[in-house]
Amino acid sequence: MNATKNEAPERDVEELLPWHAAGTLSRRDAQRVEQALAADPELARRYALVREELSETIHLNETLGAPSVRAMETLFAKIDAEPVRRPAVSPNLGARLAGFFANLTPRQLAWSASAAALVILLQAGLIAGIVLKENQPAGYETASAPRTAPGAGAFTLIRFAPQASFDDINKFLEANKLSIVAGPVPGGLYKVRVAQTALPKDELARIVKKLQENKLVVFIATAQ
Amino acid sequence: MQTTSDEVLIARIAGGDRLAMQVLFARHHVRVYRFVLRLVRNEATAEDLISDVFLDVWRQAGKFEGRSAVSTWLLSIARFKALSALRRRPVEELGEETAEQIEDQTDDPETALAKKDKGAVLQKCLTALSAEHREVIDLVYYHEKSVEEVAGIVGIPEATVKTRMFYARKKLSELLKEQGIDRGWP
């Protein structure tokens, strides 16, 4: 059976690879795929093809541009021509509750939040007091690393593998001297600084290529 | 900073909130446009269609029950509009070859390969897939839709979604092979 498996990975697992690469599988299915990938080199090779397709599909779609302002103008002209409607009640309880909170004035929201925060603070104080009695504080250090102006440097857009943990990503960022400056934007992309100063195009391309080889990186492109 | 959720925006739109409509449009219109453009392959038509899509949202917001993500709902409406527009097109415009001539602005495969740019060839082959295959690949890879969501948008069973994606990828490999790139699969 193993010999057969090496030649042709299980079809049902193989069919899930695109969703695994895109990070849209359930935790259970993702674990199943991860285990199969670890055990089957041929499946892992095919997964690399999937990641390649994913990257180029994103590239292709991103080159399609955006609609002109005409689309929005047309839409709102049509909306203005619609009859005035009375406020409707959404059948979705969650949305209605969310809408209720969202519709509170900033002042009402601030008072409610302050009251809630006070309660939490009192609880936190009590808990902290108990913990501090038991454990001596180890002290702390302020973040003293030199700050860089937000717009300065060389940047890339990175989408991390869905199964990557925060710990994995932190280690990856540290190992490559990277820092996230923005994101995630729609599409799960993060803007990542790769150098404190602007880099020549070739140098930036070399860095992008190197980072692309890391398993945690699903998609990477240079950014302004 | 926390942004207002799509569901809250829809609830506000249901109440006639024009500003909420603007926010929702700003948040989603580019992706909806790209999805439609890949189906209809005509920028002017795609622009007209996204206005229609969001007008439907304005009209139907009160009926949105939150059973799917708002982005999934938008793509379902967009797909319906795009297919309706394609059906209205004159017969001679429906051929894939004609459509590719209109849309295709990338290098031809030979030129791209000459540049040793595998990515460009892959993108070229992605545009050469049938509308059905392009659609499923875009929904999974670009719009990040789960099997269940794709099934809801396209209106097919989940098992068919997986099979369709598998065959779309298989076709892509075949197209790549024709262009001299053998991926060793299928």
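Biologist: Which residues of the largest nonpolar core touch the most other members?
Modeller: Hi! Of its 81 residues, B:Ile13, B:Val32, B:Val36, B:Ile50, B:Ala78 and B:Val140 touch the most other members. A nonpolar core here is a set of buried Ala, Val, Leu, Ile, Met, Phe, Trp, Tyr and Cys residues joined through C-beta atoms within 7 Å. Buried means 20 or more other C-beta atoms within 10 Å of a residue's own, exposed 12 or fewer, and partly exposed in between, with C-beta atoms placed from the backbone.

Biologist: And which helix of chain B gives the most to this core?
Modeller: Helix 2 of chain B, with eleven residues. Helices (H or I, at least four residues) and strands (E, at least two) are DSSP runs, numbered from the N terminus.

Biologist: Before we go on, what kind of model is this?
Modeller: This is a predicted model, where local features need pLDDT of at least 70 and side-chain atom pairs count only at pLDDT 80 or more, while totals for chains, interfaces and linings use all residues. Residues are numbered from 1 along each chain as its sequence is written, and chains are lettered from A and ligands numbered from 1 in the order in which they are written.

Biologist: What do the buried residues of helix 9 of chain B pack against?
Modeller: Helix 2 (11–22) of chain A, together with helix 4 (70–88), helix 8 and helix 10 of chain B. The buried ones are B:Val147, B:Glu149, B:Val150, B:Gly152 and B:Ile153. After that helix comes B:Gly155, with a positive phi near 80 degrees.

Biologist: Switching to chain A, how many helices and strands?
Modeller: Nine helices and four strands. Buried residues make up 21% of its 224 residues.

Biologist: Last one: why is A:Leu211 classed as partly exposed?
Modeller: Because A:Leu211 has 18 other C-beta atoms within 10 Å. A:Leu211 sits in helix 9 (residues 201–212) of chain A and touches A:Asn176, A:Val217 and A:Ile220, not counting residues up to four places away in sequence.

Note on methods
Two residues are in contact if their C-beta atoms, placed from the backbone, lie within 7 Å.
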